[in-house]
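Welcome, and thanks for opening the viewer. Let's take a short walk through the model, one selection at a time.

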Amino acid sequence: MDVGTGAPTQPAGLTPLSSPRQVVKKVKSMQMFHTPVTSAMQGDRLGICVTQFDPKLLERGLVCTPESLPTLHAAIISVEKIPYFRGPLLTKAKFHVTLGHETVMGRLLFFSPEPQRFDQEPQVDAFDLAQEYLFQERYLSGDPATEGDRADGRAGQAPEGRCPRQQWALVEFERPVTCPRLSLVIGSRLDADIHANSCRLAFHGRLLHGLQDKGYAESALPALRVYKLKYKQGLVERVSTASSLGLLGEGGRVHGAPTVSAATEVPGMEPRGADHRATSRPLNV
């Protein structure tokens with residue numbers, strides 16, 4: 001039976017999972033209230049006869065069709081902030097992340113579509129790795145009452161008054177999690193004061209893309225094309241010729257540079273030239 005999705009299956013086999021061990025055994029028979037059955041689904045109370053299986057290997061775990069439930073070290077999720085949570089959702093912040101049957105600590109990195117795609121129709125059940133995405137210092141919210149959530153001129157943030165219709169986050173789990181794709185994800189601050197008059201549930205979303213490789217930072221993250229905008233500004237102090245500008249920088253020093261806005265290198269990313277972008281190789285958070 002597929003516990004993760006609830007779809008009925010034939011008793012061809014099952015996978016008892018007791019992290020970090022995974023064992024595949026054949027189901028000999030199944031009964032429901034002493035009545036033989038040939039299929040089961042999520043929520044059923046079921047007795048399963050498994051041959052040549054040591055019960056000491058499974059004290060608590062998951063039973064599923066083989067290869068149906070991946071074990072993830074990180075994941076890309078859709079994110080929607082819960083309005084009653086008053087604090088900001090910041091990149092590199094840690095939250096209690098509940099998905100599948102587990103709650104683990106996870107560190108988040110937020111990103112959104114490119115500004116010209118802010119108004120595109122949200123994709124609720126898919127994530128396109130072929131697109132480029134804009135790095136965000138925080139989750140962008142249209143609620144002006146939420147402190148720190150308004151878009152400003154800092155790197156990677158949307159223009160004033162604009163918020164994308166859909167936002168995502170890369171979640172890095174402190175320990176592996178076993179759950180199916182499109183699982184409901186809930187982020188919370190369970191360490192907050194329970195006596196405070198505030199909501200501890202911060203955001204919710206869906207698991208769109210899981211990263212199963214333990215070395216995902218080198219093997220999988222280079223495919224996630226997230227860039228970060230950076231700008232440098234200077235004061236024009238004098239113009240000696242039509243092709244020469246003197247820029248007054250820090251400390252009153254004059255630098256002969258032909259531009260006043262340029263892309264700067266982001267750690268773990270490579271510059272993209274005149275369009276002021278840098279893509280991940282790999283994406284370091």
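Two notes before moving on. This is a predicted model, where local features need pLDDT of at least 70, side-chain atom pairs count only at pLDDT 80 or more, and totals for chains, interfaces and linings use all residues. Residues are numbered from 1 along each chain as its sequence is written, and side-chain values use heavy atoms, leaving out hydrogens and water.

Now switch to a cartoon view. The chain has 1 helix and 19 strands; these are DSSP runs (helices: H or I, at least four residues; strands: E, at least two), numbered from the N terminus. Of the 285 residues, 35% are buried, meaning under 20% relative accessible area, with exposed over 50% and partly exposed in between (1.4 Å probe, protein chains only).

Next, select His34, in the loop between β3 (27-32) and β4 (35-37). His34 is exposed because its relative accessible area is 74%, and its phi is near 65°, a positive value. Most residues other than glycine have a negative phi.

Move along to Gln52, in the loop between β5 (47-50) and β6 (62-64). Phi is positive at Gln52 too, near 55°, and Gln52 counts as exposed at 71% relative accessibility.

Last stop: is Cys179 buried or exposed? Cys179 is buried, because its relative accessibility is 1%.
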